[in-house]
Amino acid sequence: MGSGSLLRVIYLVILSGFSFFLSAQNKGQLELAISHVVGSLPLKLDSTSYTNTLHQTFTISKFKYYLGQFQLMQDNGKVFQSDLYFLVNEDEQQSKHLILENIPFGNFTSLSFILGVDSLHNCSGAQSGALDPVNAMFWAWNSGYIFLKLEGSSPVSPLPAHILEYHIGGYKNANNCIRKIYLPLKDLKFTEKDSRQSLYLEADVLKVLMSNTPVDFEKLPSVTDFHNAPGIADNYKEMFKLLTSKHEN
């Protein structure tokens, strides 16, 4: 290779790297910080007694769920989409801080995501990361994912040890428990100056038990298959609300 050709190759490599650098610089990062409450009270596992709308007391020992297919809508109609899945677990503080990368600069008017796991991933067998079966959110007998797991106890539950267990999943037809959550945004803007931002979301566990279909612990202390699951899925669709946002330069 002659010296002229070599210089052209070096120039192209440098130019390509510089273009990649500029492209990376024109991207933002969004943190979604989620807090869990039960009505007006913070969620505390195994230690606090709560009351549902039927005046039944209960405690919570486990609360975890899948979020994925995040979309941010720009004011120009363009959509940013992330294919990542996150497993949010009250028992793991870091899991309640979700990071979305490579968001293009611009003004965004809405955020949407699904609670659940889409049909493609449900049919792809055991996977890694958030979808790894080691997370105990996979039905081996059903070859699919549990979208939300809520466990606890109530004095009125007729089950042994008065347990409550709601393992909600399923993606087929009438038993589809995937739910899309839509949250309008007022002032989310990514620029060179404001490239890192945070949104603070609140998830109300009480909504899982009461939004559209009140759950009677005495009559329905357990849901672990498709029976009654869609009604609870309709409930958890309503559990999120946007609290505020924070700009981080």
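Let's start in a loop: D46 sits between β2 (41-42) and β3. Keep in mind that this is a predicted model.

- Most residues other than glycine have a negative phi.
- Is D46 buried or exposed? With a relative accessible area of 58%, D46 counts as exposed, because the cut-off for that is over 50%.
- N173 is another non-glycine residue with a positive phi, this one of about 45°.
- You'll find N173 in the loop that links β10 (163-169) to β11 (179-190).
- N173 is exposed too, and its relative accessible area is 76%.

**β4 and its partners**

- Strand β4 covers residues 57-74, and there are several pairings to trace from here.
- Strand β3 (residues 50-51) pairs with β4 in the antiparallel sense, over two bridges.
- To spot that pairing by eye, look for Y50, which stands opposite F58 of β4.
- The hairpin of β3 and β4 has five residues between the strands, and H55 takes a positive phi there, near 65°.
- Strand β5 (residues 79-89) runs antiparallel to β4, and nine bridges join the two.
- Which residue in β5 is the bridge partner of G68? That would be Y85.
- Between β4 and β5 the hairpin has four residues, and here G77 has the positive phi, near 95°.
- Strand β7 (residues 106-115) is another antiparallel partner of β4, with six bridges.
- For a landmark on the β7 side, find F108, the bridge partner of Q74.
- Strand β9 (residues 144-153) is also joined to β4 by six bridges, and these two strands run antiparallel.
- Here F63 has L150 of β9 as its bridge partner.

**The largest nonpolar core**

- How many residues make up the largest nonpolar core? The count is 62.
- Within this core, Y65 and Y236 touch the most other members.
- Strand β4 supplies the largest share of the core, namely eight residues.
- Leaving aside residues up to four places away in sequence, Y65 touches I34, H36, F86, L87, V88, L115, M137, F147, L148, A203, M239 and F240.

**One cavity**

- Searching the whole structure turns up one cavity of 30 Å³ or more.
- The largest cavity has a volume of about 40 Å³.
- Its lining is made up of F58, T59, I60, L150, E151, G152, L164, Y166, L209 and F217.
- Which elements give two or more residues to that lining? They are β4, β9 and β10.
- Sorted by class, the lining has seven nonpolar residues, two polar ones and one charged one.
- Some names here come up elsewhere too: F58 lines the cavity and also stands opposite Y50.
- Likewise, L150 is part of the lining and is the bridge partner of F63.

Terms used:
Residues numbered from 1 in each chain as written. Predicted model: local features only at pLDDT ≥ 70, side-chain atom pairs only at ≥ 80, totals over all residues. Heavy atoms only, no water. Core = buried A, V, L, I, M, F, W, Y, C linked by side-chain atoms within 4.5 Å. Buried < 20%, exposed > 50% of the residue type's maximum accessible area, 1.4 Å probe, protein only. Contact = heavy atoms within 4.5 Å. Pairing = 2+ DSSP bridges. 1 Å grid on protein atoms, 1.4 Å probe; cavity = no way out; pocket = protein on both sides within 12 Å on 5 of 7 lines; lining within 4 Å. Points joined across faces, edges and corners; volume = space filled by probe spheres on them. Nonpolar A, V, L, I, M, F, W, Y, C, P; charged D, E, K, R; others polar.
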